[in-house]
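Dear colleague,

Please find below the structure that I am passing on to you.

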Amino acid sequence: MNKGTYQATQGMVFEAMRMDIIANNLANLNSTGFKRSQLHVTSFEGHLNQVAPPQVDTAPSGQPKDTRLPTAMVARYHIDLQEGAIHQTREPLDLAIKGSGFFGVLDHEGSISYTRDGAFTLNDQGDLVTQTGLPVLDLDEQPLNIGTVSQIAIDENGKVFGDQQLIGQLLVKDFPADSLQQTGHNLFRILGSENNDSGGPATDFKIVQGFLESSNANPIREMVRMIETLRNFQGYQKTIQAFNDSVQQINETARS
């Protein structure tokens, strides 16, 4: 495989990865607290030496840019933590985080995961849980049990009151975007960690009761990116075909 074909093939792989990410963003337009992802592509040399630009444009425009691509490229996912729109529901167990931070929940594997989806409810035991039944954690990283109360109030710091009595406080932690990994069902885990993580208590946040945060994916922008990605993919296909045709012509000339 010559260098041009290799680079164009790399471009196709990255565009296919980008298409999968965009499709996931579009599928979660109505998911509470969803954070869109995007793909960043950097040169392998720049990744090692930290001297390359943070993002390389791999899109062919007019004449394909393949010949300017480094031989080795590294793709990495980036999670956009921009806050989504906040809308009112008036449900006492619907919570939105204004600012930075994530609610801590106990996942099915017994580890701590994090989410911005604050559409909570109570199970039969009076535990505060997510819509999929995962226990919501308190500051001691234990399931928060509200029990049977007639009135639930949650202040901006995450303190939970039942019939005006303090029950506990929600676990809200903050992390840099590059340390998070999406695990499905609107959950995040910390990269390279099991039960330990490098996050700390969130400080720049306010919890609002009776509200939910919408997805931060914009349908129009995602559709535009999908069209651009498809055109880029097709451009790389044509580039590979052109290289193959050139090689075939050279071979035919050599045989004649």
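The protein contains 3 helices and 17 strands. Please note that this is a predicted model. Of the 256 residues in the protein, 42% are buried. The accessible surface amounts to about 14200 Å², and carbon and sulfur atoms account for 49% of that surface. As for contacts between residues at least 6 apart in sequence, 68% of them join residues at least 24 apart.

Two residues deserve a separate note on their backbone angles. As background, most residues other than glycine have a negative phi.

The residue E141 is not a glycine, yet its phi is positive, at about 60°. Its place in the chain is the loop that runs between β8 (128-129) and β9 (152-154). Is E141 buried, partly exposed or exposed? With a relative accessible area of 35%, E141 is partly exposed, because this value falls between the 20% limit for buried residues and the 50% limit for exposed ones.

The residue H185 also has a positive phi, of about 55°, although it is not a glycine. This residue is located in the loop between β13 (180-184) and β14 (187-190). H185 has a relative accessibility of 71% and therefore counts as exposed, since the cut-off for that class is over 50%.

With kind regards

Conventions
Residues numbered from 1 in each chain as written. Predicted model: local features only at pLDDT ≥ 70, side-chain atom pairs only at ≥ 80, totals over all residues. Heavy atoms only, no water. Helix = DSSP H or I, 4+ residues; strand = E, 2+ residues; numbered from the N terminus. Buried < 20%, exposed > 50% of the residue type's maximum accessible area, 1.4 Å probe, protein only. Contact = heavy atoms within 4.5 Å. Areas by Shrake-Rupley, 256 points an atom, 1.4 Å probe, with all protein chains shown as cover.
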